Amino acid sequence: MAHSLTPQLGRHDHAHHGHAAGEACAHARDHARRAPDALLEAERLCAERGVRLTPIRRAVLEALYATHKPVGAYDLIEMLGQQGRRRMAPITVYRALDFLLAEGFAHKLASRNAFLACPHFHAPDEMVVFLICDQCGGVDEVANPDLARSLNRLIGHEGFAVDTRVLELSGRCAHCRRPARAAAAESLPA
Ligand SMILES: [Zn+2]
Ligand SMILES: [Zn+2]
């Protein structure tokens with residue numbers, strides 16, 4: 001019986017590429033890698049701007065960096081509570097989030113009513129496009145000045161004053177779209 005050298009993996013396999021137990025997805029790895037530098041940068045920017053990254057603000061920012069998925073305010077309170085801290089009142093967490101949003105350390109995703117840490121320190125007037133993956137929950141950000149300019153031209157005649165420039169697109173990220181076969185081959189020992 002001839003046997004094929006091609007592994008018959010992933011055919012008609014509707015399972016997600018599924019991160020093997022304990023294996024973080026690309027978004028999570030990226031986020032975890034950036035977190036220490038981003039926290040240092042946030043501290044530096046606060047000192048430069050004469051504002052304070054209080055222990056509460058810092059704890060909320062750390063909690064946002066602890067996950068690569070956007071988190072709702074109440075989930076944040078849960079996450080913070082699990083770290084042995086005294087349970088924070090929602091108003092405290094919302095105030096900390098307001099600070100983080102205003103300083104450009106985090107973003108709010110209107111479509112999910114959830115927050116995520118921004119390691120790119122986008123200015124509040126920057127046009128940020130969020131690519132939200134429905135499969136893994138990861139969020140990528142792209143900022144594009146050309147897009148902001150053409151949008152400004154488009155609304156220029158409307159006499160409309162813009163407060164937030166955020167575009168949210170949902171779909172599947174490159175990592176999740178990768179064929180199951182490639183993912184399986186990659187996980188084989190070298
Ligand atoms: Zn950002
Ligand atoms: Zn994904």
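Predicted model: local features only at pLDDT ≥ 70, side-chain atom pairs only at ≥ 80, totals over all residues.
Begin by selecting helix H2, residues 55-65, together with helix H4, residues 90-102. The two pack with their axes 9 Å apart and at an angle of about 80°. Angles of 65 to 115 degrees count as roughly perpendicular, and H2 and H4 are therefore described in that way. To view the contact itself, display Ile56, Arg57, Val60 and Leu61 on the H2 side. Their counterparts in H4 are Thr92, Val93, Ala96, Leu97, Phe99 and Leu100. Sorted by class, the residues of this contact comprise eight nonpolar, one polar and one charged.

In general, nonpolar side chains tend to be buried together in soluble globular proteins.

Centre the view on Ala117. Which residues is Ala117 in contact with, leaving aside its neighbours within four places in sequence? They are Ala38, Leu61, Leu64, Tyr65, Phe105 and Ala106.

**The three-stranded sheet**

Now select strands E4, E3 and E5, which form an open sheet in the order E4-E3-E5 with mixed pairing. Strand E4 (139-143) and strand E5 (166-171) are the edge strands, each pairing on one side only. On average, and with direction ignored, neighbouring strands of this sheet are turned by 20° against each other.

**Two loop residues with positive phi**

Finally, turn to the backbone of two loops. Most residues other than glycine have a negative phi. Select Asn113, which lies in the loop between strand E1 (106-109) and E2. Although Asn113 is not a glycine, its phi is positive, at about 50°. Is Asn113 exposed or buried? Asn113 counts as exposed because it has 10 C-beta neighbours inside 10 Å.

The last stop is Phe121, in the loop between E2 and E3. Phe121 is likewise a residue other than glycine with a positive phi, near 55°. Phe121 has 13 C-beta neighbours inside 10 Å and therefore counts as partly exposed.

Note on methods: Residues numbered from 1 in each chain as written. Chains lettered and ligands numbered in written order. Pairing = 2+ DSSP bridges. Helix = DSSP H or I, 4+ residues; strand = E, 2+ residues; numbered from the N terminus. Axes fitted to C-alpha atoms, helices over the stretch in contact; angles between N-to-C directions. Parallel < 35°, antiparallel > 145°, perpendicular 65-115°, else oblique. Contact = placed C-beta atoms within 7 Å. Nonpolar A, V, L, I, M, F, W, Y, C, P; charged D, E, K, R; others polar. Buried ≥ 20, exposed ≤ 12 C-beta atoms within 10 Å, placed from the backbone.
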